Amino acid sequence: MPAAVVILAAGAGARVGAGSNKVLLPLGDRPVLAWSVRDALAAADVRRVLVVVRAGEADAVGEALAPVLGDAEVGIVEGGATRHASEWSALQALAPEIDAGAVDVVAIHDGARPLAGTALFESTIAAARETGGAIPGVRLPGLLALDGRALPAELDGVQTPQAFRAPDLLAAYAAAAADGFDGTDTAACWSRYSDLPVAAVPSSATNLKITFPEDLELALRLG
(Lines give C-alpha, C1' and ligand atoms only; values in the text may rest on other atoms or scores of the structure.)
Protein backbone atom coordinates (compact mmCIF):
# COMPACT_ATOMS: atom_id res chain seq x y z
CA MET A 1 0.00 0.00 0.00
CA PRO A 2 1.32 3.47 -0.82
CA ALA A 3 2.96 5.75 1.71
CA ALA A 4 2.97 9.53 2.04
CA VAL A 5 6.01 11.71 2.67
CA VAL A 6 5.76 15.04 4.49
CA ILE A 7 8.69 17.40 4.05
CA LEU A 8 8.93 20.23 6.57
CA ALA A 9 10.01 23.51 4.99
CA ALA A 10 8.50 26.02 7.42
CA GLY A 11 11.72 26.93 9.22
CA ALA A 12 13.90 30.02 8.99
CA GLY A 13 17.51 30.70 8.09
CA ALA A 14 18.78 32.69 11.06
CA ARG A 15 21.80 30.56 11.92
CA VAL A 16 22.72 29.85 8.31
CA GLY A 17 22.80 33.60 7.69
CA ALA A 18 20.04 33.56 5.12
CA GLY A 19 17.68 36.45 4.64
CA SER A 20 14.98 33.97 3.63
CA ASN A 21 13.98 30.38 4.28
CA LYS A 22 17.17 28.30 4.26
CA VAL A 23 15.58 25.43 2.33
CA LEU A 24 15.21 27.79 -0.66
CA LEU A 25 18.95 28.53 -0.76
CA PRO A 26 20.79 27.09 -3.77
CA LEU A 27 22.65 23.82 -3.33
CA GLY A 28 24.35 23.07 -6.59
CA ASP A 29 21.85 23.31 -9.44
CA ARG A 30 18.69 23.33 -7.31
CA PRO A 31 17.38 24.58 -3.95
CA VAL A 32 18.11 22.67 -0.74
CA LEU A 33 14.47 21.60 -0.50
CA ALA A 34 14.39 20.15 -4.01
CA TRP A 35 16.92 17.45 -3.11
CA SER A 36 14.59 15.87 -0.54
CA VAL A 37 11.52 16.31 -2.73
CA ARG A 38 13.25 14.59 -5.63
CA ASP A 39 14.35 11.65 -3.47
CA ALA A 40 10.92 11.26 -1.87
CA LEU A 41 9.21 11.21 -5.26
CA ALA A 42 11.62 8.51 -6.44
CA ALA A 43 10.97 6.23 -3.46
CA ALA A 44 9.04 3.04 -4.14
CA ASP A 45 5.38 2.96 -3.04
CA VAL A 46 5.19 6.67 -2.21
CA ARG A 47 1.73 7.92 -3.20
CA ARG A 48 1.82 11.50 -1.95
CA VAL A 49 4.46 14.10 -1.16
CA LEU A 50 3.40 17.13 0.88
CA VAL A 51 5.63 20.14 1.56
CA VAL A 52 4.79 22.17 4.67
CA VAL A 53 5.60 25.87 4.23
CA ARG A 54 5.52 29.08 6.24
CA ALA A 55 2.58 31.44 5.83
CA GLY A 56 3.07 33.52 2.70
CA GLU A 57 5.73 31.27 1.15
CA ALA A 58 3.57 28.86 -0.87
CA ASP A 59 4.23 30.68 -4.15
CA ALA A 60 7.98 30.96 -3.53
CA VAL A 61 8.24 27.26 -2.71
CA GLY A 62 6.15 26.30 -5.72
CA GLU A 63 8.35 28.37 -8.01
CA ALA A 64 11.52 26.91 -6.50
CA LEU A 65 10.33 23.33 -6.99
CA ALA A 66 8.72 23.69 -10.43
CA PRO A 67 11.94 23.22 -12.47
CA VAL A 68 12.75 19.89 -10.79
CA LEU A 69 9.29 18.29 -10.66
CA GLY A 70 8.74 17.46 -14.32
CA ASP A 71 5.37 15.65 -14.52
CA ALA A 72 5.33 14.91 -10.77
CA GLU A 73 3.11 16.76 -8.34
CA VAL A 74 3.56 17.75 -4.71
CA GLY A 75 1.03 19.23 -2.34
CA ILE A 76 1.75 22.39 -0.37
CA VAL A 77 0.33 22.87 3.12
CA GLU A 78 0.72 25.90 5.36
CA GLY A 79 2.42 25.02 8.63
CA GLY A 80 2.08 26.31 12.15
CA ALA A 81 4.15 28.18 14.72
CA THR A 82 6.07 25.06 15.82
CA ARG A 83 7.39 21.91 14.21
CA HIS A 84 4.66 19.88 15.91
CA ALA A 85 1.97 22.24 14.64
CA SER A 86 3.32 21.93 11.11
CA GLU A 87 3.26 18.15 11.33
CA TRP A 88 -0.32 18.24 12.60
CA SER A 89 -1.33 20.48 9.66
CA ALA A 90 0.10 17.94 7.22
CA LEU A 91 -1.59 15.00 8.94
CA GLN A 92 -4.94 16.79 8.86
CA ALA A 93 -4.46 17.31 5.11
CA LEU A 94 -3.73 13.59 4.71
CA ALA A 95 -6.53 12.46 7.05
CA PRO A 96 -9.10 11.65 4.32
CA GLU A 97 -6.64 9.34 2.55
CA ILE A 98 -5.51 7.77 5.83
CA ASP A 99 -9.10 7.18 6.96
CA ALA A 100 -9.94 5.67 3.57
CA GLY A 101 -7.00 3.26 3.84
CA ALA A 102 -5.26 4.79 0.83
CA VAL A 103 -2.11 5.64 2.82
CA ASP A 104 -0.64 3.14 5.27
CA VAL A 105 2.59 4.89 6.37
CA VAL A 106 3.56 8.53 6.75
CA ALA A 107 7.22 9.57 6.72
CA ILE A 108 8.08 13.04 8.02
CA HIS A 109 11.36 14.61 6.91
CA ASP A 110 13.20 17.83 7.61
CA GLY A 111 13.65 19.75 4.36
CA ALA A 112 16.98 21.07 5.70
CA ARG A 113 18.41 17.53 5.37
CA PRO A 114 18.97 17.40 1.59
CA LEU A 115 21.12 14.26 1.44
CA ALA A 116 18.90 11.63 3.04
CA GLY A 117 18.61 9.77 -0.26
CA THR A 118 15.85 7.61 -1.68
CA ALA A 119 17.14 4.43 -0.02
CA LEU A 120 16.71 5.90 3.49
CA PHE A 121 13.12 6.91 2.72
CA GLU A 122 12.43 3.37 1.53
CA SER A 123 14.10 1.65 4.47
CA THR A 124 12.34 3.72 7.14
CA ILE A 125 8.96 3.27 5.44
CA ALA A 126 9.50 -0.49 5.18
CA ALA A 127 10.54 -0.74 8.83
CA ALA A 128 7.51 1.28 9.93
CA ARG A 129 5.19 -1.09 8.05
CA GLU A 130 6.72 -4.02 9.90
CA THR A 131 7.18 -2.53 13.37
CA GLY A 132 4.89 0.47 13.75
CA GLY A 133 7.49 3.23 13.65
CA ALA A 134 11.04 3.75 12.41
CA ILE A 135 13.69 6.42 12.87
CA PRO A 136 17.15 6.69 11.30
CA GLY A 137 20.10 7.03 13.61
CA VAL A 138 23.85 7.40 13.40
CA ARG A 139 26.51 6.65 16.04
CA LEU A 140 28.01 9.75 17.72
CA PRO A 141 31.41 8.82 19.17
CA GLY A 142 33.65 11.11 21.19
CA LEU A 143 30.97 13.31 22.75
CA LEU A 144 31.57 15.18 26.00
CA ALA A 145 29.08 16.38 28.61
CA LEU A 146 29.01 20.07 29.52
CA ASP A 147 31.14 19.31 32.58
CA GLY A 148 33.79 17.60 30.44
CA ARG A 149 32.83 13.99 31.23
CA ALA A 150 33.06 11.54 28.34
CA LEU A 151 29.63 10.25 27.33
CA PRO A 152 28.93 6.56 26.50
CA ALA A 153 30.35 5.53 23.15
CA GLU A 154 27.08 3.89 22.05
CA LEU A 155 25.04 7.11 21.86
CA ASP A 156 23.16 7.61 18.58
CA GLY A 157 21.95 10.80 16.95
CA VAL A 158 18.35 10.76 15.67
CA GLN A 159 17.68 11.99 12.14
CA THR A 160 14.80 12.14 9.67
CA PRO A 161 12.84 10.81 7.77
CA GLN A 162 10.87 9.31 10.66
CA ALA A 163 8.11 6.97 9.48
CA PHE A 164 5.04 5.61 11.27
CA ARG A 165 1.88 3.66 10.55
CA ALA A 166 -0.53 6.30 9.32
CA PRO A 167 -3.73 5.57 11.32
CA ASP A 168 -1.81 5.33 14.59
CA LEU A 169 0.17 8.50 13.86
CA LEU A 170 -3.00 10.44 13.04
CA ALA A 171 -4.60 9.21 16.26
CA ALA A 172 -1.50 10.20 18.26
CA TYR A 173 -1.55 13.76 16.90
CA ALA A 174 -5.30 14.07 17.47
CA ALA A 175 -4.73 13.06 21.10
CA ALA A 176 -1.87 15.53 21.37
CA ALA A 177 -4.09 18.31 20.01
CA ALA A 178 -6.73 17.49 22.62
CA ASP A 179 -4.10 17.59 25.39
CA GLY A 180 -2.23 20.64 24.12
CA PHE A 181 0.97 18.60 23.79
CA ASP A 182 3.70 19.98 21.50
CA GLY A 183 6.50 17.50 20.76
CA THR A 184 10.06 18.21 19.67
CA ASP A 185 9.84 15.74 16.79
CA THR A 186 7.50 13.09 15.41
CA ALA A 187 8.93 10.32 17.57
CA ALA A 188 8.23 12.34 20.74
CA CYS A 189 4.52 12.46 20.01
CA TRP A 190 4.48 8.83 18.91
CA SER A 191 6.17 7.59 22.08
CA ARG A 192 3.72 9.55 24.25
CA TYR A 193 0.50 8.43 22.56
CA SER A 194 1.26 5.08 20.91
CA ASP A 195 2.23 1.73 22.38
CA LEU A 196 3.70 0.47 19.12
CA PRO A 197 7.50 0.07 19.03
CA VAL A 198 9.95 2.11 17.01
CA ALA A 199 12.72 0.46 15.00
CA ALA A 200 16.15 2.02 14.54
CA VAL A 201 17.26 2.24 10.91
CA PRO A 202 20.98 2.67 10.18
CA SER A 203 21.90 5.99 8.61
CA SER A 204 25.10 7.98 8.20
CA ALA A 205 26.59 11.36 8.98
CA THR A 206 26.06 12.27 5.32
CA ASN A 207 22.41 12.92 6.19
CA LEU A 208 23.41 16.25 7.71
CA LYS A 209 21.13 19.17 8.57
CA ILE A 210 21.82 22.56 7.03
CA THR A 211 22.28 24.78 10.09
CA PHE A 212 25.35 26.97 9.53
CA PRO A 213 26.80 28.57 6.35
CA GLU A 214 29.59 26.01 6.10
CA ASP A 215 27.03 23.19 5.98
CA LEU A 216 25.97 24.27 2.48
CA GLU A 217 29.51 23.87 1.16
CA LEU A 218 29.91 20.52 2.91
CA ALA A 219 26.59 19.22 1.59
CA LEU A 220 27.54 20.20 -1.94
CA ARG A 221 30.81 18.25 -1.66
CA LEU A 222 29.01 15.22 -0.21
CA GLY A 223 26.12 15.34 -2.66
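1. The side chain of aspartate 110 lies 2.9 Å from the backbone nitrogen of alanine 112, a polar contact (a pair of N or O atoms within 3.5 Å; within protein, one must be able to donate a hydrogen and the other to accept it, and residues adjacent in sequence count only if both atoms are side-chain atoms). The model is predicted, so local features need pLDDT of at least 70 and side-chain atom pairs count only at pLDDT 80 or more, while totals for chains, interfaces and linings use all residues. Residues are numbered from 1 along each chain as its sequence is written, and side-chain values use heavy atoms, with hydrogens and water left out.

2. Aspartate 110 is buried, with a relative accessible area of 9%; buried means under 20%, exposed over 50% and partly exposed in between (1.4 Å probe, protein chains only). Leaving aside residues up to four places away in sequence, aspartate 110 touches Leu8, Ser36, Arg83, Thr160 and Lys209, where contact means heavy atoms within 4.5 Å.

3. Aspartate 110 belongs to strand E6, which spans residues 105-110 and has six of its six residues buried. Helices (H or I, at least four residues) and strands (E, at least two) are DSSP runs, numbered from the N terminus. In a regular strand the side chains alternate between the two faces of the sheet. Both faces of E6 are covered, with Val105, Ala107 and His109 buried on one side and Val106, Ile108 and Asp110 on the other.

4. Strand E1 (residues 3-9) runs parallel to E6 and is joined to it by six bridges; two strands pair if DSSP finds at least two bridges between them. Within this pairing, isoleucine 7 stands opposite histidine 109. Strand E9 (residues 162-165) runs antiparallel to E6, with four bridges between them, and phenylalanine 164 in E9 is the bridge partner of valine 106.

5. Helix H1 (residues 32-42) packs against helix H4 (residues 118-131) at an angle of about 55°, the axes being 8 Å apart. Axes are lines fitted to C-alpha atoms, for helices over the stretch in contact, and angles run from 0 to 180 degrees between N-to-C directions. H1 is therefore oblique to H4: angles under 35 degrees count as roughly parallel, over 145 as roughly antiparallel, 65 to 115 as roughly perpendicular and the rest as oblique. Ser36, Asp39, Ala40 and Ala42 of H1 make the contact with Thr118, Phe121 and Glu122 of H4.

6. H1 also packs with helix H2 (residues 58-69), at an angle of about 50° and with axes 10 Å apart. Here Leu33, Ala34, Val37 and Leu41 in H1 meet Val61, Leu65, Val68 and Leu69 in H2.
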